[in-house]
Amino acid sequence: MTDPDGSPDDRRDPGSSHEADCVPVPSAFEGRATPTDDDRDEFAVNWPAAWARAGDALEWERDYDAVLSTGDDGGPPFEWFAGGELNACANCVDRHLPERADAVALEWNGHIGESRTYTYRDLHREVNAVAAGLRDLGVDADDVVTTYLPAVPAVAVVMLACARLGAVHNVVFAGFSADALATRMERAGSRYLVTSDGYYRRGEAVDQRRRADNATMSLPYELDATVVVDRLGTNPDVSRDDRHAYDALVDAYDGERVAPVPRAATDPLFRIYTSGTTGEPKSVTHTTGGYLAQVAWSTRRVLDVTADAVVWSTADPGWITGHSYGVYGPLALGATTVLTEWSPDAVDPDRPWALVEDLGVEVLYTAPTVVRSFAKWGAEHPAGHDLSSLRVLGSVGEPFDAETWEWYYEHVGGGDCPVVDTWWQTETGAVLLSTLPGVDEARPGAVGGALAGVGASVRDASGEPTDPGQRGWLTIDRPWPAMARELATATDWGARVAAESGVGRDGDWWYRVGDEAFVDADGYVTVLGRADDVVNVDGRRFSTGEIEHALVEVAGVAEAAVIARDDPDSGNALVAYVTTADERTDVSTLREALGDAVAAAIGAGVRLDQVVFTPDLPKTRSGKIMRRLLEDIANGEGYGDTSALRNPEVVGELEARHQD
Ligand code: WTA
């Protein structure tokens, strides 16, 4: 991690983390791929107009006037497909009915082995019933409906029902704490909640209802309605007027039809919260037209999903990957999406492969941390199953090291399936950097270049593109259709440099994404990781500031700094450095309180791998905590120049305490 105000340092030798070996398109895949190079040629001469290729793949109620409209100086605000009107639910469900009503839209596999299959006809029926029910509960266009649900079909159904009504969904990961839910509802002004009685986590039933109630009680306003899914079979109490059982709602409105509400292309489709650099959850809004167009486009181009394909994107719907490649992308294309209530790295090692075999999964999209678990469990597990249905393997969320990449390619793909390492973010909505399956050779360790229509660079601190092999900031150089509203409308780029990570200069526009990277001579980008206060653990994104904030709230704590240490399994493990207000504090009780505080503020899934108590934290002369140094100490690496330190004596102290 580096100081976001400064230039990326060169602690790591880029060459050492990048195996330049190329993997050509597998011969078995040749002729099976549908993406082509053709988009690149078109975009090279015809940007942004060529984005009509993505826009025109959707069904519009009213045609758009322009692919991209900009501010007077060619900069923000950016509006994609301005003037156009469409409905996202109609695009993901209704338009497939004439040809594909009996095709499977959603295959669900529950925690305790249950399964459910929805054809497009079934999905249409339930989405309409839920939309009719929500409408009668008062949900109107632009109202924000929050879900706090495990990965059950109701999440996708509610998302689509909201889209149908022009309401804005706000999906909150079920593992988040009551506090985290309350903040995400209040900030969004959300007066509707769909939750469940509970859910299963690692075989245990978790009481979700109590958490949801705690959250809603702490809101400064009353909710208009709460809908409860009976996941555990507890027949939850919905006797209050503002409480409704999901199943009863579906039954009561079964057979009703709700006309899809036409939305402007730039109208919000959903909100999603992610971790930002400020320690506060960051709200990101995605649009109806640009988002859906680019998500559908990239699902087709990057994951090679066609209408009859079976796609398993393993991310929970609570994250952007679940939204884009678990729900909207596959359904916009009329494909089959697989939703599992379990994470593939937290079950019996044969279960993921039995599912691939049973359902004939063709496209598997997961995270490096999951593949590392597979590799640890051993190649005999995938080898014991018929995985010949697999065609394309994808990865997202964190740097994919070459060794794990090779394992995925060999033992899951059998050397026949292209592996695409896709780079993107909550803010970008869709994949922006990747190789194309069947078109590009892969370079394990590198993600590839910017996709057709997307511009990307690696720049130094002054904004100049770096030479090949030199680390710098990854920037996206042109607007793209699925860009978050917040990025598209921010005109104060200069002011955003410190708080966020956008940079504009000399009339140029670019978006600094917060990652450090380098590019090779052929344009393949290797992403090294976050360069700001955001960390990825187990493929999930956290802000160290948010965790630090929870820690310093604990009585007895003076200061806290949280960093991510390299971890062979999860990619990163969280280490907290804590100073106490009083040296005589009993640190063993405090240690427990710190773990509890993080769980309460963020969620039970967030675990501090290590807490190091120290009399002092390393600080610069201007008083900033030098997290980079803490990272080096935690990783047992050399840490070079410490002359900027106000208190160099702390280094030896920390090293000693790390051994405790
Ligand atoms: C990281 C997830 C390396 C990166 C879709 C980014 C990656 C953050 C890759 C966004 C990749 C994502 N290689 N790093 N292929 N893909 N990242 O918002 O640091 O949860 O900024 O979106 O994940 O995480 P988010």
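Colleague: Which residues of helix 13 meet helix 15?

Modeller: In this predicted model, Pro368, Val371, Arg372, Phe374 and Ala375 in helix 13 meet Thr404, Trp407 and Tyr408 in helix 15. Contact here means heavy atoms within 4.5 Å, and helices are DSSP runs (H or I, at least four residues) numbered from the N terminus, as are strands (E, at least two). The residues of this contact divide into six nonpolar, one polar and one charged. In that scheme Ala, Val, Leu, Ile, Met, Phe, Trp, Tyr, Cys and Pro count as nonpolar, Asp, Glu, Lys and Arg as charged, and the others, Gly among them, as polar.

Colleague: Happy with that. At what angle do helix 13 and helix 15 pack?

Modeller: Two packed helices are described by the angle between their axes and the distance between the axes. Helix 13 (residues 368-377) and helix 15 (residues 402-412) pack at about 70°, with axes 10 Å apart. Axes are lines fitted to C-alpha atoms, for helices over the stretch in contact, and angles run from 0 to 180 degrees between N-to-C directions. That makes helix 13 roughly perpendicular to helix 15, a term for angles of 65 to 115 degrees.

Colleague: Is helix 13 largely enclosed or exposed?

Modeller: Seven of its ten residues are buried, so helix 13 is largely enclosed by the rest of the structure. Buried means under 20% relative accessible area (1.4 Å probe, protein chains only). The buried residues pack against helix 12 (351-359), strand 18 (363-366), strand 19 (392-395), helix 15 and strand 29 (571-580). Just after helix 13, Gly378 takes a positive phi of about 115°.

Colleague: Now the sheet, please: in what order do the seven strands run?

Modeller: Strands of a sheet pair through backbone hydrogen bonds, either parallel or antiparallel. Seven strands form an open sheet in the order 5-4-17-16-18-19-20, with mixed pairing; two strands pair if DSSP finds at least two bridges between them. Strand 5 (115-119) and strand 20 (419-421) stand at the edges with a single partner strand each, so one side of each is left without a neighbour in the sheet. Strand 18 and strand 19 pair in the parallel sense over four bridges, and Val392 in strand 19 is the bridge partner of Val363.

Definitions and conventions. Residues are numbered from 1 along each chain as its sequence is written. This is a predicted model: local features need pLDDT of at least 70, side-chain atom pairs count only at pLDDT 80 or more; totals for chains, interfaces and linings use all residues. Side-chain values use heavy atoms; hydrogens and water are left out. Angles under 35 degrees count as roughly parallel, over 145 as roughly antiparallel, 65 to 115 as roughly perpendicular and the rest as oblique. Buried means under 20% relative accessible area, exposed over 50%, partly exposed in between (1.4 Å probe, protein chains only).
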